[in-house]
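Here is a friendly look at the salt bridges in this structure. Have the sequence and the 3D view open as you read.

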Amino acid sequence: MTATEPAQPGQPRPPSQPAQPEPVVLRGLLKTPSYRRILLLCALVGIPVSLVCFWFLAGLHELQRLLWESLPHELGWDVAPWWWPLPLLLVGGIGVGLVVARMPGAGGHVPAAGLAMGGSSPKVLPGVVLAAAASLPFGAVLGPEGPLIALGGGFALLLRDLARGPATPQATALLGVAGAAAAIAAIFGSPLIAAMLLIEVVGVGGPQLVAVMLPALLSSGVGALVFTGFGRWTGLQTGGLTVKLPGAVPRLDAADVGWALLLAVVLAAVLREAVGFGQVVAAFVAKNPVARTVLCALGAGVCAAAYALVTGRSPADVASSGQSLMATLVGDPRAWGVGALVAVLLCKTVGYALCLGSMRGGPIFPALFLGAAAGVLAAPLPGLGLVPAVAAGLAAAGASVLRLPVSSAVMAILLVGVPGMTPVVFLAAVVALVTTELLPGPRRRLSG
């Protein structure tokens, strides 16, 4: 009897034959000459895109240093006076408002809508560059990643047009994403973060991917805590792939985990409201871009000025992305009193919400700074250390604002540089995302 013949009565049924394997899609795609040409073009595009991104970031940094350090020094101040953000953000708000109202592309992606990935049309690139130049160096509480992604993707498509490359929908999508990935790797200094963001933002797997990754992150975090903790309690060794790092590495305990999860819930609740308010601001500004952008920019300036008046510190602590300040904060937390930490958290959160809906930039860096500052503030709690507190704060802030748990966890681990914090980072990212999604009230979204 063959496998295809039915079994006779009383005879055992033959075992079912395994299904024929699916065609190997990737292999067939790689054999396609057009796809191989696109791969080669993407590899070549990474070189000029990285150079353009480098000079773009260097120009923003130099302009910011001129406005916030060199100019106050030349006028006789050691640091910028408390009122310094007001005229700068007034000028910045006027510039952004004019770009939004009169230039193609409205200055690029509204940061309150999240993180956009892919290629922008080359014709909108001038507006993206001008809006970023009017926002970031002048004190907008935003990061450079949003304009940088638009610039990387748009410049890749521009090079495609100049080289008369393929303009098919597949080539356009792949080149735009490739340019954006090169830009992300430039700003974060790691292609790993670029890969994670692409997987989650572009939507490989869609919402189902996040639904699968959440339990995976949660179980792996809990499993790592139990596994490593049980080994430490018993003194037994199981072997494994490890890398010995120089210096003492802090060990997680129950207090670290408990406080870190509470910190993740609080950060998620606060940042959810900040992003929601930023989306309300975006709808408000859209009705009269010039006047209302100026109004919101001045509001962010008032936050920075109030912080400087109350604490006696530089208003640049609030009127900035926090990218460079974060290393100083975590490296020397004793230089910040409790009052200064509370003030920077309050003022920067309000300024961040106002800038999310009115100026142009990215949402990641200020959120990470707020997570790190919250971690530093919470670190003296009984049983909680600085490293796990900051690691949990970074992961929770990123996951709450971006709603990308894997990317946020990777960013936190790379920033902290302590692999032993991976379990608490995973748990904080999951708890923050779940809190953000399940809090009462609809999460407002921008259309389009």
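A residue is called buried when its relative accessible area is under 20%, exposed when that area is over 50%, and partly exposed in between (1.4 Å probe, protein chains only). With that in hand, R65 comes out as partly exposed, at 35%.

A quick word on where things come from. This is a predicted model, where local features need pLDDT of at least 70, side-chain atom pairs count only at pLDDT 80 or more, and totals for chains, interfaces and linings use all residues. Residues are numbered from 1 along each chain as its sequence is written, and side-chain values use heavy atoms, with hydrogens and water left out.

How many salt bridges are there? Counting a side-chain nitrogen of Lys or Arg within 4 Å of a carboxyl oxygen of Asp or Glu, the tally is 4 salt bridges. Among them are these:

| E62 | R65 | 2.8 Å |

Start with E62 and R65. Both sit in helix α2 (residues 33–74), 3 residues apart, so about one helical turn separates them. Helices here are DSSP runs of H or I with at least four residues, numbered from the N terminus. E62 is partly exposed, with 40% relative accessibility.

Now for E273 and R272: E273 is partly exposed at 47%, while R272 is buried at 7%.

How values were computed. Helix = DSSP H or I, 4+ residues; strand = E, 2+ residues; numbered from the N terminus.
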